[in-house]
Amino acid sequence: MSKKMICAWLILCLCLAPVLAAATAEVPAEVPDEVKREPSYRLQIDVTNQFINVFWKTPLGNYVLYKQIICSTGLEKTRTPLGSFVLPDTKRYKWAFFPEFDVYAQYLTRINGAILFHSILYSRQNINRLKTTSYRNLGTRASHGCVRLLVEDAKWIYEHIEPGTICDVYEGEKTSENAAVTEALKPPALDTWYPISGATPETIRIHTPTPRPSVMPTLRSMTGKLVTNKPTPTPRPTPTPKGTIEETPAPAPEPTPAPAPTPGLVLIDVFPGGIPPFR
């Protein structure tokens, strides 16, 4: 075989090598569901006390309270449905018009069906045409089933809460602690800060965050299981030893009465897996 033919065969082999390697390469397997990225948050809407607990999922897989949001859910005759919902991957809107009620709202995120997160209401597609009643009603039942929020809170959910996030809607307990949280989350008087004339939704001033309550809520178990912490018992005092000079016995110490149990902090149990089951 001539040198020219040998060179031609070598050149041909070098050209075909990448093609053969690609043809015989293994097709990568589909990424398993368990390693796919999960949503970073979980929402729990308390329709009794009219606020939302936003929980953040840590790298360890457990949930911690991230923020709390004041809201208005459905009136008694148009209740927001209870249950656990997975937020769908549907289009979100910065403005929407509700022709049945002749009102507008900003930053719409669908919860389930016709139930949405959205801002308080406007009479026109104009931030200076706020329907002030919807602002003052935050913290009470006021909607036709949707969940109304301050503009900055609706915008935060619109931008940060991903499709696939679990949203629990439940009836919380009427307690003084929950009532204090609702009162603390209510926005200031309308004429002191909101809205800013000529502002856009992105430049509306966000009020100072409310300090978190002393009793920190944990992720609610949708089975309603409760755990109550118990008071630490007071140790009994050590009896005074007898003297070495006088033989008069020292009086026996009076038993210390057990402390009256103080009302324990009622905490909601968190399932070991981090995510409680659906109802």
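Q: Which backbone oxygen does the side chain of threonine 165 reach?
A: The side chain of threonine 165 reaches the backbone oxygen of glutamate 162, at 2.7 Å. A polar contact is a pair of N or O atoms within 3.5 Å; within protein, one must be able to donate a hydrogen and the other to accept it, and residues adjacent in sequence count only if both atoms are side-chain atoms.

Q: What kind of model is this, and how are residues numbered?
A: This is a predicted model, in which local features need pLDDT of at least 70 and side-chain atom pairs count only at pLDDT 80 or more, while totals for chains, interfaces and linings use all residues. Residues are numbered from 1 along each chain as its sequence is written, and side-chain values use heavy atoms, with hydrogens and water left out.

Q: Back to threonine 165: where is its place?
A: Threonine 165 is in the loop between α3 and β9. Helices (H or I, at least four residues) and strands (E, at least two) are DSSP runs, numbered from the N terminus.

Q: Is threonine 165 buried or exposed?
A: Threonine 165 counts as buried, because its relative accessibility is 1%. Buried means under 20% relative accessible area, exposed over 50%, and partly exposed in between (1.4 Å probe, protein chains only).

Q: Which residues does threonine 165 touch?
A: Leaving aside residues up to four places away in sequence, threonine 165 touches Pro39, Tyr41, Arg42, Leu43, Phe85, Val86 and Leu87. Contact means heavy atoms within 4.5 Å.

Q: And α3, which strands does it lie across?
A: Helix α3 (residues 151-160) lies across β1, β2 (51-57) and β3, and runs at about 140 degrees to β3. Axes are lines fitted to C-alpha atoms, for helices over the stretch in contact, and angles run from 0 to 180 degrees between N-to-C directions. Helix α4 (residues 176-185) also packs on the sheet, touching β1, β2 and β3, with its direction at about 60 degrees to that of β3.

Q: Why is α3 described as largely enclosed?
A: Eight of the ten residues of α3 are buried, so the helix is largely enclosed by the rest of the structure. Among the buried residues are Trp156, Ile157 and Tyr158.

Q: What is the strand order in the five-stranded sheet?
A: The order is β3-β2-β1-β9-β4, in an open sheet with mixed pairing. The edge strands are β3 (63-70) and β4 (83-86), each of which pairs on one side only. Two strands pair if DSSP finds at least two bridges between them.

Q: How many bridges join β1 to β9?
A: Four bridges join β1 (residues 41-46) to β9 (residues 166-170), and these strands run parallel. Leucine 43 has cysteine 167 as its bridge partner in β9.

Q: Changing topic, which strands are joined to β6?
A: Strand β5 (residues 93-98) is joined to β6 by five bridges, and the two run antiparallel. Strand β7 (residues 115-119) is joined to β6 by three bridges, again in an antiparallel arrangement.

Q: What is in the turns of those hairpins?
A: The hairpin of β5 and β6 has four residues between the strands, and aspartate 102 in the turn has a positive phi of about 55 degrees. The hairpin of β6 and β7 has two residues between the strands, and glycine 113 takes a positive phi near 60 degrees.

Q: How many helices and strands does the protein chain have?
A: The protein chain has four helices and eleven strands. Of its 279 residues, 36% count as buried.
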